[in-house]
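Subject: Structure for you to look at

Hello,

Here is the structure I said I would pass on. Please look through it first; my notes on what was found follow below.

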Amino acid sequence: MSRLVCVSNRISLPRRGATPGGLAVGVLAAMREQGGLWFGWSGETSADTAARTQVAVRDQISFATIDLTQTLYDRYYRGFCNTTLWPLFHYLTDRFRYDHEWHDAYRTVNRQFAERLVPLLEPGDRIWIHDYHLIPLARELRELGVTQPIGFFLHIPFPHLEVLRLLPAYAEVVRDLTHYDLIGFQTEPDELSFRASLAGVYPEGAPAVRSGVFPIGIDVDAVAAEASAAMRTEPVRRMVDGLLGRPLIIGVDRLDYSKGLVERFTAYQLFLERHAELRGRLTYLQIAPLSRSDIQSYSQIRQALEQATGRTNGRFADTDWTPIRYLNRNFPHGTLMGFMRASQVGLVTPLRDGMNLVAKEFVAAQDPADPGALILSSLAGAARELTSAVIVNPYDLRGVAEAIAAAFAMPLAERQQRHAAMIEALRRHDLRGWYTDFLVSLEASRGLLR
Ligand code: GDG
């Protein structure tokens, strides 16, 4: 079989302090099964732009990394990727900023990625490029003479054309995507938005572009096994002991404004206001490892959350009860799954999310005999599959507050029924299915299948 070459902005060499994310979880699984090369930024900045490409081999995967200069990091990563494209693609247009120098840096980094990747490629490779950081990469590679099949998967939403048009060079983004042999999206609305953008940018008729919907999933059995094994471990036992028998509501999100944490904390406070009878009877644990903390809007949201936690705890806490436990820490994945299994309610309320793997993990981590209830934002891609969750609009604070009360009161039979339906949905589109379907389609798109 031909070699798989995955390219993403940052690669996930297990390293201390790195914030894990959904993309890394997915790509690592594909690479673990198929072997091959994973190419991307090291996460380091260095003055020497001509520095070597560093290669490390682990578990049959070659990790090849390059550094960025501080200026490119500032303009490409903090600027164009995370202050222009990220908010725009998540429909959070008030956070969107544009600077043409950032855009130039984005083009430069994509050019550098292409130049550094080309010498590592072999004739039979299948190239799979991930996410919004690298949209121009296929065009750059083609300009350097690469003829191997190149696929692209967008982990985040693709916005409607009228939102995309806030970006001055929006047409370039759409045109760049046409250089891929296959483009994968998380949900049908994302693919439809892309198709509409193509029609908008090419009124006379767009070039033929293959696209498809490949919802990312999880390894259901592995998460279930991880979760039940973790229940016997010290960190999970200590956390459960600290609850003094009170049921737990859990949230696990990278500290990102798209995850709707400020709104969620306000909704929880509203829940405590509206349900005095439940005060002191449950605890909310929010785990939010820091991410992109050197970007202003991310440090602002951190402050807002600390204030909200202080307000709620100051107002409602008792000598033996803390309403919100808010941790900016990173935990091993297994421990997190154990925390989820120990919870009665999972609170997943992003303002917009490509998919949201935490919602899926919460379901798989539950004990089927006594499963917790999932409260899920209608604006997460996952809501299209997990229709048996308690679906909420994350901006409707009263709705979220009442959903917490309803989830808490949900009878066992209803929880079991909803859980079984959601497990079935998770099995329909699991992690292995995600990458195999995508790679099969990519090969088919180039007529490589016998
Ligand atoms: C992007 C899209 C899409 C979280 N905290 C810790 C930790 N995690 C793990 C979770 C989960 C992953 O990170 C987060 O994935 P999500 O999907 O929830 O969110 P994003 O990072 O925003 O991912 C998203 C995804 O890409 C995949 O396509 O679903 O829509 O935004 O697996 O468990 N893992 C560890 N410690 C933590 O503290 N080890």
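To begin with the surface, the protein exposes about 18500 Å², and carbon and sulfur atoms supply 49% of that area. Please keep in mind that this is a predicted model.

The charges come next. There are 49 positive and 50 negative side chains in the protein. The centres of these two sets lie 2 Å apart.

Then the overall build. The protein has 16 helices and 14 strands. Its radius of gyration is 22 Å, close to the 22 Å that the globule rule gives for 450 residues, so the protein is as compact as a globular protein of that length.

On the inside, buried residues make up 56% of the 450 residues. I also looked at contacts between residues with a separation of 6 or more: 78% of them are accounted for by residues 24 or more positions apart.

The domain assignment divides the protein in this way:

- Domain 1 covers 4–217 + 431–445.
- Domain 2 covers 220–428.

The contact between the domains takes 25 residues from domain 1 and 24 residues from domain 2. Taken over C-alpha atoms, the centres of the two domains are separated by 30 Å.

Finally, two residues to look up, Asp59 and Asn356. Each is a residue other than glycine with a positive phi.

For Asp59, phi is near 45°. Asp59 sits in the loop between strand 3 (54–58) and strand 4 (61–68). Is Asp59 buried or exposed? Its relative accessibility is 56%, and exposed means over 50%, so Asp59 counts as exposed.

For Asn356, phi is near 95°. This residue is also in a loop, the one between strand 12 (345–348) and helix 13 (357–365). Is Asn356 buried or exposed? Its relative accessible area is 6%, and the cut-off for buried is under 20%, so Asn356 is buried.

To put the pair side by side: Asp59 is exposed, whereas Asn356 is buried. Both can be found in the structure by their residue numbers.

Regards

Methods
Residues are numbered from 1 along each chain as its sequence is written. This is a predicted model: local features need pLDDT of at least 70, side-chain atom pairs count only at pLDDT 80 or more; totals for chains, interfaces and linings use all residues. Side-chain values use heavy atoms; hydrogens and water are left out. Helices (H or I, at least four residues) and strands (E, at least two) are DSSP runs, numbered from the N terminus. The radius of gyration is taken over C-alpha atoms; the globule rule is 2.2 Å times the number of residues to the power 0.38. Buried means under 20% relative accessible area, exposed over 50%, partly exposed in between (1.4 Å probe, protein chains only). Contact means heavy atoms within 4.5 Å. Accessible areas come from the Shrake-Rupley method with a 1.4 Å probe; for residues, only the protein chains shown count as cover. Lys and Arg count as positive and Asp and Glu as negative; His and the chain ends are not counted. The place of a charge is taken as NZ of Lys, CZ of Arg, CG of Asp or CD of Glu. Domain bounds come from an automatic or database domain assignment.
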